[in-house]
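Reader: Please show me the model. I would like to ask what stands behind the terms used for it.

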Amino acid sequence: MDEDTRTLAIINSKGTLDMAYPGLVLANAARMMGIEVKMFFTFWGMDIINKKKSDHLKVSPVSTPSMGMPTMVAGLPGVTDMATTMMKREIEKLDMPPVHEFLEMIHDAGAELYACKMSVDMMKLTEADLVDEVDEIVGAMEFLEMTEGAQILFI
Amino acid sequence: MDEDTRTLAIINSKGTLDMAYPGLVLANAARMMGIEVKMFFTFWGMDIINKKKSDHLKVSPVSTPSMGMPTMVAGLPGVTDMATTMMKREIEKLDMPPVHEFLEMIHDAGAELYACKMSVDMMKLTEADLVDEVDEIVGAMEFLEMTEGAQILFI
Amino acid sequence: MDEDTRTLAIINSKGTLDMAYPGLVLANAARMMGIEVKMFFTFWGMDIINKKKSDHLKVSPVSTPSMGMPTMVAGLPGVTDMATTMMKREIEKLDMPPVHEFLEMIHDAGAELYACKMSVDMMKLTEADLVDEVDEIVGAMEFLEMTEGAQILFI
């Protein structure tokens, strides 16, 4: 690995809308600056690259006290969907694309996308279940091998 | 950037009391050791530097199974406030300051505090809504530029 | 510190089953590759090294929207235990050991385990409450001292 190349490796372990965007925004900014980007998706973060789920991620008012809803209200049927719709609208107002389109955009810009082998096995998924932008399914050792010298974030 | 300077960059994305302290404690320890500190606040982490919220962060028993409360109990009205009061008391016993005072302390010690531009826009905030210790509102690219060579934590 | 030694430092701040495994899996993979590993347990992550709790960590459907359960269902008595049992079975199918055995395995392989002094104090624990694999109870400054040049993850 070239010692002069700055690399940002992002491990995405959460599958909520609010925890998907920080990684996407950082990856996009990094690529615009010529920083190498390696995105690794594991555990609940697999939802971000799951074809059927990537554009249907949700925010969860009941597990996000910052949203300011009393638990008894946040837990009512429909509240999660309402909060998700509201956040999606705010994201759109900032001219940010939906999740799958954002993945396409950073992948086109040179970011590499990897799915965690263990999570793929645990969730009984195959490559066909993942968005086309995923470059490869890799194990933890392969991930560590390709991130020597990188700045690694765990989201 | 000086290659010999060690820098700790902390991205704070959560707005709960229990996830605010780890970053503050690490930032404080780092400054005591002469390590450069850059704190970046984004998404729910904006609450930590929001004037009206920084001293009113809460713990959420319903989203913290480690607190050991059955969900049906954790969701009852008043339980979040009770758990928050209990944790604040424990924090105080350890001689740790409340959140805003802690921000002042690390800022006085030389830690730099940055608010995420995208989050400021999304939450329709202005500089006036943020605690005075915030040095600047910056975008993701500016953040990446100032963290080359740093150890970056995502909380 | 040897400049040529790659070190992975993992701060474990969560006490759920699904957030305990990513750190253990990475630590294990790193040791197999000869990478130095320093595990630091703080806040709710203390449960992972708590003798009475390490093999009784739970997943929490109510705070994990990716599990796909409506909040009203996820909050019902027994649902957390059921979801935990299901995830443990999946983990076992992948030939991964239970948490305490996994800690033993990575410790035997040379990973160093540290408990956060502040958390030990806050939770009124003593060394006797922690699994034997814990090497030492350290403060934030000691942790920072031993992680200079390391890749640090905050889980």
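This is a predicted model: local features need pLDDT of at least 70, side-chain atom pairs count only at pLDDT 80 or more; totals for chains, interfaces and linings use all residues.

Reader: What makes H1(C) roughly parallel to H4(C)?

Author: The angle. Helix H1 (residues 17-32) of chain C packs on helix H4 (residues 99-108) of chain C at about 25°. Angles under 35 degrees count as roughly parallel. Therefore H1(C) is roughly parallel to H4(C). The two axes lie 10 Å apart.

Reader: Which hand does the crossing of H1(C) and H4(C) have?

Author: H1(C) passes H4(C) in a left-handed crossing.

Reader: Which residues in H1(C) and H4(C) meet?

Author: H1(C) brings C:Ala20, C:Leu24, C:Ala27, C:Asn28 and C:Arg31. From H4(C) come C:Val99, C:Phe102, C:Met105 and C:Ile106. By class, this contact of H1(C) with H4(C) has 7 nonpolar, 1 polar and 1 charged residues. Ala, Val, Leu, Ile, Met and Phe are among the types that count as nonpolar, whereas Arg counts as charged.

Reader: Now the chains. What makes the relation of chain A to chain C that of a three-fold axis?

Author: A rotation of 120° superposes chain A on chain C. The shift along the axis is 0.0 Å, and the RMSD is 0.0 Å. That is why the relation is that of a three-fold axis.

Reader: Which C-alpha of chain A is nearest the axis?

Author: That of A:Ser63, 2.8 Å from the axis.

Reader: How many residues does each side of the contact between chain A and chain C take?

Author: Chain A gives 23 residues and chain C gives 25. On the side of chain A, helix H5 (117-122), helix H6 (140-146) and strand S5 (151-154) each supply at least two residues. That side divides into 11 nonpolar, 8 polar and 4 charged residues.

Reader: What superposes chain B on chain A?

Author: A rotation of 120°, with 0.0 Å of shift along its axis and an RMSD of 0.0 Å. In chain B, the C-alpha nearest the axis belongs to B:Ser63, at 2.8 Å. Here the copies use different surfaces: 17% of the contact residues of chain B recur in chain A.

Reader: Which elements of chain B give two or more residues to the side that touches chain A?

Author: The contact takes 23 residues from chain B and 25 from chain A. On the side of chain B, the elements are helix H5 (117-122), helix H6 (140-146) and strand S5 (151-154). Its classes are 11 nonpolar, 8 polar and 4 charged residues.

Key: Residues are numbered from 1 along each chain as its sequence is written. Chains are lettered from A and ligands numbered from 1 in the order in which they are written. Axes are lines fitted to C-alpha atoms, for helices over the stretch in contact, and angles run from 0 to 180 degrees between N-to-C directions. Helices (H or I, at least four residues) and strands (E, at least two) are DSSP runs, numbered from the N terminus. Angles under 35 degrees count as roughly parallel, over 145 as roughly antiparallel, 65 to 115 as roughly perpendicular and the rest as oblique. A crossing is left-handed if the near helix is turned anticlockwise from the far one by less than a right angle, and right-handed if clockwise. Two residues are in contact if their C-beta atoms, placed from the backbone, lie within 7 Å. Copies are superposed by least squares on the C-alpha atoms of residues with pLDDT of at least 70 in both.
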